[in-house]
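I opened the notebook to record what I looked up, entry by entry. The sequence and structure go first.

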Amino acid sequence: MTRFRYLSLAFTNLRRHRLRALIGVAGIAFGVAAMLAILAVVHGAIGMFERILNTDSDYLVFERKVSDLFFSSVTPAQLASVRARPEVAEAHPMLFGIVSAEDRPVVTCFGIEAADPRLHRAHWLSGSPERFGQKAGEIFLGSRAAEFLEARAGDTIEIGRGEFMVGGVFRTENGFEDGGVFMPLNEAQEFFHREDTASIVAVKLLDAASGGEFKAALEAAEPGVMALENREFSRSYNSFKILHVTAWAVGLCAFVLGGLGVANTMLLSVFGRIRELAVLRVCGFSAGQVAALVLAESLVLATAGLALGALLGGTVLAVLARLPDLQGYMAARLTAPVAAGVVATAFVTALAGALYPAWHASRIQPAEALRYE
Amino acid sequence: MNNPLSPADGRGAPLAVAREVWKSYDRGRVEVLRGASLAVRAGELVALWGSSGSGKSTLLHLLGGLDTPDRGELQVCGLDPRDERARLELRRRHLGFVFQLHNLVPDLTVEENIRLPALALGAGVDEMAARVRVLADRVGLADRLRHRAQDLSGGERQRVAICRALMNSPRLILADEPTGSLDESTGEKVFALLRELARAERAAVLLCTHERRFAEACDRLLRVRAGRVEEV
């Protein structure tokens with residue numbers, strides 16, 4: 001390894017120009033922090049939505065060729081067909097709707113049946129799952145929704161264009177559910193003018209291994225719907241894909257800015273020490289060694305930027321999770337592929353930013369650089 | 001006047017040879033060397049003397065592979081400095097450079113500056129440290145190894161530059177006006193040190209200078225005039 005010992009000069013050079021190095025580190029750090037925060041939040045949000053759909057289920061059934069589940073309509077006949085399949089243990093329809101309330105432009109509504117397992121799994125603060133759907137005009141609130149709507153069991157509140165009595169309040173771990181309004185399915189269908197349809201049907205199979213058989217049989221019998229295994233659904237759902245792409249695109253933009261910062265830092269570094277690099281050449285450094293030195297400096301910047309960015313991103317996520325307005329909605333999730341992607345992007349960006357400066361440094365002609373001494 | 005390529009005493013094969021070397025700048029408009037020739041033998045101290053702009057530094061740079069001639073033949077330590085690979089090999093193993101303005105890296109310490117050539121070569125840490133100590137001790141800078149180059153006086157900086165030139169035990173030192181920016185007394189000390197260390201290390205020295213007193217103190221004196229070299 002002695003032949004690479006000259007790279008220790010990279011640390012020396014950065015130490016000598018601390019402010020310049022810090023600017024480069026900050027560029028990468030902000031890129032890392034932005035990317036981590038954006039991706040973690042988006043993945044967390046996707047995860048929460050996935051868990052709403054996947055609660056105690058193996059398959060999701062929804063209308064074929066719809067761009068978004070909010071526009072999906074599964075008819076009563078199709079629901080009956082699902083329930084009639086011998087592979088099916090349980091099938092729970094759910095209708096999604098968006099309404100507004102005072103001071104809240106967007107409130108998610110869930111139309112579900114009284115037997116839906118999420119009601120029984122929730123921690124009830126007032127009321128009980130047995131009461132769900134027993135009385136017309138009654139809605140049930142997630143604890144976060146009860147908080148921002150300032151409602152308690154027994155209150156009458158205005159949701160959208162209707163007035164409803166709050167039948168109970170429960171807490172769930174899922175931020176979207178906890179901030180949602182739950183209505184009996186038939187009331188939600190009427191409220192949202194969806195006739196008798198549901199957005200999706202969450203299906204639990206008697207035997208998870210019979211999924212293929214279930215899917216094929218159902219789609220043959222009901223060509224208007226499709227059944228997707230939960231994981232497959234997560235991979236193929238357009239809205240998730242758009243969110244993924246958007247998050248990566250925004251994160252990459254942040255990195256491009258960071259990369260320009262590194263390029264600027266390294267260019268300044270090279271142009272500011274042309275004579276010094278010429279001296280290195282005179283001392284026996286090859287053009288490759290000089291270029292490697294510049295690239296090594298940018299890699300050190302990237303490593304420091306990664307560490308600082310991870311710290312910064314983690315802090316931002318922790319702060320966001322504690323903001324009263326976002327409580328329950330922030331379930332940041334950092335997956336290994338995301339972490340690997342951020343690390344790779346940081347290094348690729350730093351290297352790309354240092355390529356031209358390194359090339360320039362490697363082409364310095366010692367005699368020319370030292371001539372005007 | 002003797003031929004600078006064929007010293008009268010006829011001692012061994014030359015270490016560095018330039019034959020009929022031509023060099024111009026500004027697209028041929030400024031002709032600096034016009035068929036310059038010289039030879040330097042192992043272990044000798046040769047002065048390349050001449051007025052400013054006579055072309056002595058240019059000839060030194062060509063021999064050191066820092067620049068390339070328009071035409072002519074160069075041979076240094078058996079290698080052709082016009083070839084990129086040979087140039088690198090020469091700078092790493094066979095040549096040491098001392099410049100008028102020392103050209104140290106100001107923010108690096110004395111030790112870090114001296115060991116730069118060894119870093120390029122991939123020398124071991126202990127080996128480098130030992131060599132730096134020996135050289136610094138010889139020039140009286142052993143207690144200043146941790147000081148930054150920018151905190152040294154002109155004479156001290158030039159002593160560091162001499163140590164750096166000798167770090168990889170080169171066979172030839174190319175010194176371009178090493179006393180040019182020093183006062184008379186310091187200049188004499190630096191010249192004496194260069195001569196003494198080169199002898200101790202058995203390295204030849206080709207010294208560019210415009211000062212007659214240093215030129216005359218060398219083993220041989222070559223005068224550069226009108227782009228050509230003549231033995232005085």
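Among contacts in chain A between residues at least 6 apart in sequence, what percentage join residues at least 24 apart? I found 82%. I note here that this is a predicted model.

**Chain A, overall.** I looked up the secondary structure and found 14 helices and 10 strands in chain A. I then checked the dimensions. The C-alpha trace of chain A spans about 95 × 50 × 30 Å along its principal axes. For the radius of gyration I have 29 Å for chain A, whereas a compact globule of 373 residues would have one near 21 Å. I also looked up burial: of the 373 residues in chain A, 44% are buried.

**Helix α1 of chain A.** I went to residues 8–16, which form helix α1. Which residues did I list as buried there? They are A:L9, A:N13 and A:L14.

**B:L222.** I moved to chain B and placed B:L222 in strand β8, which runs over residues 220–225. Is B:L222 buried or exposed? I counted 26 other C-beta atoms within 10 Å. The cut-off for a buried residue is 20 or more, so B:L222 is buried. Last, I looked up the separation between B:L222 and B:G187. They are 35 residues apart along the chain, and their C-alpha atoms are separated by 20 Å.

Definitions and conventions
Residues numbered from 1 in each chain as written. Chains lettered and ligands numbered in written order. Predicted model: local features only at pLDDT ≥ 70, side-chain atom pairs only at ≥ 80, totals over all residues. Helix = DSSP H or I, 4+ residues; strand = E, 2+ residues; numbered from the N terminus. Rg over C-alpha atoms; globule rule 2.2 N^0.38 Å. Buried ≥ 20, exposed ≤ 12 C-beta atoms within 10 Å, placed from the backbone. Contact = placed C-beta atoms within 7 Å.
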